[in-house]
Amino acid sequence: MADLDDIKEGKDFGLDIPADRQGFFLKGAANHDWGMKNRLSRIFNPTSGRTVMLAFDHGYFQGPATGLERMDLNILPLVPYCDVLMCTRGALRSTIPPSVTKPVALRCSGGNSILSELSNETVAVDIEDAIRLGACAMAAQVYIGSEYEHKSISNVIKLIDTGTRYGIPTLAVTGVGKDMVRDARYFGLATRIAAELGAQYVKTYFVEEGFEKVAAGCPVPLVIAGGKKLPEREALEMAWKAIDQGAAGVDMGRNIFQSDAPVAMIQAVGKVVHEVERPEKAHQMYLDLKAQGV
């Protein structure tokens, strides 16, 4: 084991050499069994290899955030245009019609609120309920460097172990506290730890400097969080840069459901993610759809 004072930052990420997918379209997934691969193939489009996840799980610690006051009114119109629903089991059962066939990434961590320490979470969904709901993935935060780092890692390990037993992927979500530095070195550390623990894919944040190294250094697919609400043009630019630098998709919430035209915005995001459309053209598409009242 290397001494802490002897750890050197990685240099050779082989950015010009694609990852060996060994016959399966997602990196790091070739050696999973059939059920795991099937669920991953529903999450990630096998043609593009990427995904647009619609995140509306914010209420599990934020309450009725702007744009999520009425999920039945604000989220349901967006469902046809996303690849995956990222939500809690409460929202799924109370809001999403069972006739909807979109795959679900089920929020399985919880136990805190914005009024308390965010990293102090627990596993909040039993594996049997995840199976009962037909979840295609189980998601939990992992807070590297936080007060409750070990507890959050233990939560993800539990989901990985039980998910692997039943062929359900685990999505490890790199959470950041208010005092943590959001840079490539931190996200490179957090995403690599999550992947080495066995997470089948990882959600992280895009950073302007060094994101291509974060993506290259993570041996499983990365999806980026949308983060705080940005102007639509900037959000599309962020998505394009992330895809261009190695991300396998986005998990956007506020930059879609808080948009002036959410249905237009999610279609523009999909154009960027699946077709690698330039942000300026995707933004014009957004403006055209908005003008049509979409």
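The model is predicted: local features need pLDDT of at least 70, side-chain atom pairs count only at pLDDT 80 or more, and totals for chains, interfaces and linings use all residues. Residues are numbered from 1 along each chain as its sequence is written, and side-chain values use heavy atoms, with hydrogens and water left out. Helices (H or I, at least four residues) and strands (E, at least two) are DSSP runs, numbered from the N terminus.

**Helices α9 and α11**

- Helix α9 (residues 232-244) packs against helix α11 (residues 262-275) at an angle of about 25 degrees, and their axes lie 9 Å apart.
- The two helices are therefore roughly parallel to each other (an angle under 35 degrees).
- On the α9 side, the contact (heavy atoms within 4.5 Å) is made by E232, A235, L236, A239, W240 and I243; α11 contributes M265, A268, V269, V272 and V273.
- By class, this contact has 10 nonpolar, no polar and 1 charged residues; Ala, Val, Leu, Ile, Met, Phe, Trp, Tyr, Cys and Pro count as nonpolar, Asp, Glu, Lys and Arg as charged, and the others, Gly among them, as polar.

**Strand β1**

- Strand β1 (residues 51-55) is largely enclosed by the rest of the structure, because 5 of its 5 residues are buried (under 20% relative accessible area, 1.4 Å probe, protein chains only).
- T51, M53 and A55 cover one side and V52 and L54 the other, and all are buried.

**Pairing of β1**

- β1 pairs (at least two DSSP bridges) with strand β10 (residues 249-252) in the parallel sense over 4 bridges, and M53 stands opposite D251 in β10.
- β1 also runs parallel to strand β2 (residues 84-87), joined by 3 bridges, and L54 stands opposite L85 in β2.

Methods. Axes are lines fitted to C-alpha atoms, for helices over the stretch in contact, and angles run from 0 to 180 degrees between N-to-C directions. Angles under 35 degrees count as roughly parallel, over 145 as roughly antiparallel, 65 to 115 as roughly perpendicular and the rest as oblique. Buried means under 20% relative accessible area, exposed over 50%, partly exposed in between (1.4 Å probe, protein chains only).
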